[in-house]
Amino acid sequence: MITTLAIENYRSLSRLIMPLERLTVVTGANGTGKSSLYRALRLLADAARGEAVAALARDGGLRSTLWAGAENPAQGAGRSGPVGLRLGFAGDEFGYAVDFGHPVPARSLFDLDPEIKAETTWAGPVLRPAAVLSERKGPAVRTLTADGGWHRSAGELRPYDSMLSEFADPRLAPDLLRLRERIRSWRFYDHVRTDAGAPARAARVGTRTPVLGHDGADLAAALQTIREVGDAKALEEAVDGAFPGSRLSVDSQSGRFELGLHQPGLMRPLSAAELSDGTLRYLLWTAALLTPRPPALLVLNEPEASLHPELLPRLADLIVTGAQETQIVVVTHAKELAGELARRSAGRPFGVNATELVKDEYGQTEVAGREGPLDQPPWHWPKR
Ligand SMILES: Nc1ncnc2c1ncn2[C@@H]1O[C@H](COP(=O)(O)OP(=O)(O)OP(=O)(O)O)[C@@H](O)[C@H]1O
Ligand SMILES: [Mg+2]
């Protein structure tokens, strides 16, 4: 489980350190940094896939993503060193921190591309010298090998590649490989489409689908997989709880899976193409949260979107059920959903953290009501 997340210089998150629990619910007014937090977590996951630099470029490049304020706003402008966009997390088992910066100008058209300047991974919740598993400074990498020695590599790593994606090798860096696979299992769901042309509405060839895809195109297969190898009863209850008297069916027409929702009073089931946006969205959340293969972390961005307030308690039930199997971060605008989550998770055998983000007078995102600054994460950022 991830216990601390820290972000520096990413949009309004100039320095944010956040404890995470099994279920973490993040709320805040418009413009306080909720989406930025979601995107920062995604960037961490992109790093493990070797896609962070490209993702940053799609975000508008470092120039637009870097915190636009001073290093120490209270003391006025000025910086003590090069600016880096830093992301990191620490957990029971592993920690990882990465520092992105501007390239050394080389009169290349790619001079605006961000680079990975430094990375560190460590074992356990706190970074101590003896806990280091691997370290990268520029192109130089050292990794702890299976027999306890150090494998060093001087100059193979390109500035836009992460050591997580390039050096995870079962012999040379077994822990790096485990950490990478862990991060790669993280799932992100953000405004899955439910419009008329949404992929989730089309019948599609179905294969066993223990994890719903990001666009929901495999919804029917994912629901059928839950019925066959997952918690079929929880699925039935989720459907009946939200739409009393209704049940799901999945039919296969020469391999193409078609979802059906049988509702009281209707002579035939309605297909995914015929369901309302809210109904379809609820079924998408059902498939995502009752996954038979829970990831190490599940991050949901504004899951309340297009759901009627009546369905929010049902969605909260699904999220709390999901949190029994996996760590979940929910970023939400809806106070009602946050309230339902607090009510429904009370007394459960796992930790819950409700965090409200606010903006301070300098435009920096902060955690509301924090007693004294939690100024440092349980690691020091890797040195360049
Ligand atoms: N480079 C930057 N430096 C400083 N602040 C920035 C930077 N880029 C964006 N911001 C500001 O960061 C704030 C947080 O944006 P974000 O999209 O995360 O808010 P949000 O909480 O998701 O808001 P909403 O509820 O409206 O979706 C915005 O006010 C935005 O103007
Ligand atoms: Mg937002």
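Me: In which hand does H7 pass H8 in this predicted model?
Reply: The model is predicted, so local features require pLDDT of at least 70 and side-chain atom pairs pLDDT 80 or more, while totals for chains, interfaces and linings use all residues. Residues are numbered from 1 along each chain as its sequence is written. A crossing counts as right-handed if the near helix is turned clockwise from the far one by less than a right angle, and as left-handed if anticlockwise. The passage of H7 across H8 is right-handed.

Me: How are H7 and H8 oriented to each other?
Reply: Helix H7 spans residues 232-242 and helix H8 residues 277-289, with axes 11 Å apart and an angle of about 155°. Angles over 145 degrees count as roughly antiparallel. H7 and H8 are therefore roughly antiparallel.

Me: Which residues of H8 make the contact with H7?
Reply: Contact means heavy atoms within 4.5 Å. H7 contributes Leu 235, Ala 238, Val 239 and Ala 242. From H8 come Tyr 282, Leu 283 and Thr 286.

Me: How many charged residues does the contact of H9 with H10 have?
Reply: Among the residues that meet are Arg 314 and Asp 317 in H9, and Glu 336, Glu 340 and Arg 344 in H10. Asp, Glu, Lys and Arg count as charged. Beside 8 nonpolar and 1 polar, the charged residues number 5.

Me: Which backbone lies 2.7 Å from an oxygen atom of ligand 1?
Reply: Ligand 1 is surrounded by 17 residues, each with a heavy atom within 4 Å. A backbone N or O atom of Gly 33 lies 2.9 Å from an oxygen atom of the ligand. At 2.7 Å, the backbone N or O atom belongs to Gly 31.

Note on methods. Chains lettered and ligands numbered in written order. Heavy atoms only, no water. Axes fitted to C-alpha atoms, helices over the stretch in contact; angles between N-to-C directions. Helix = DSSP H or I, 4+ residues; strand = E, 2+ residues; numbered from the N terminus. Parallel < 35°, antiparallel > 145°, perpendicular 65-115°, else oblique. Polar contact = N/O pair within 3.5 Å; in protein donor to acceptor, adjacent residues only side chain to side chain.
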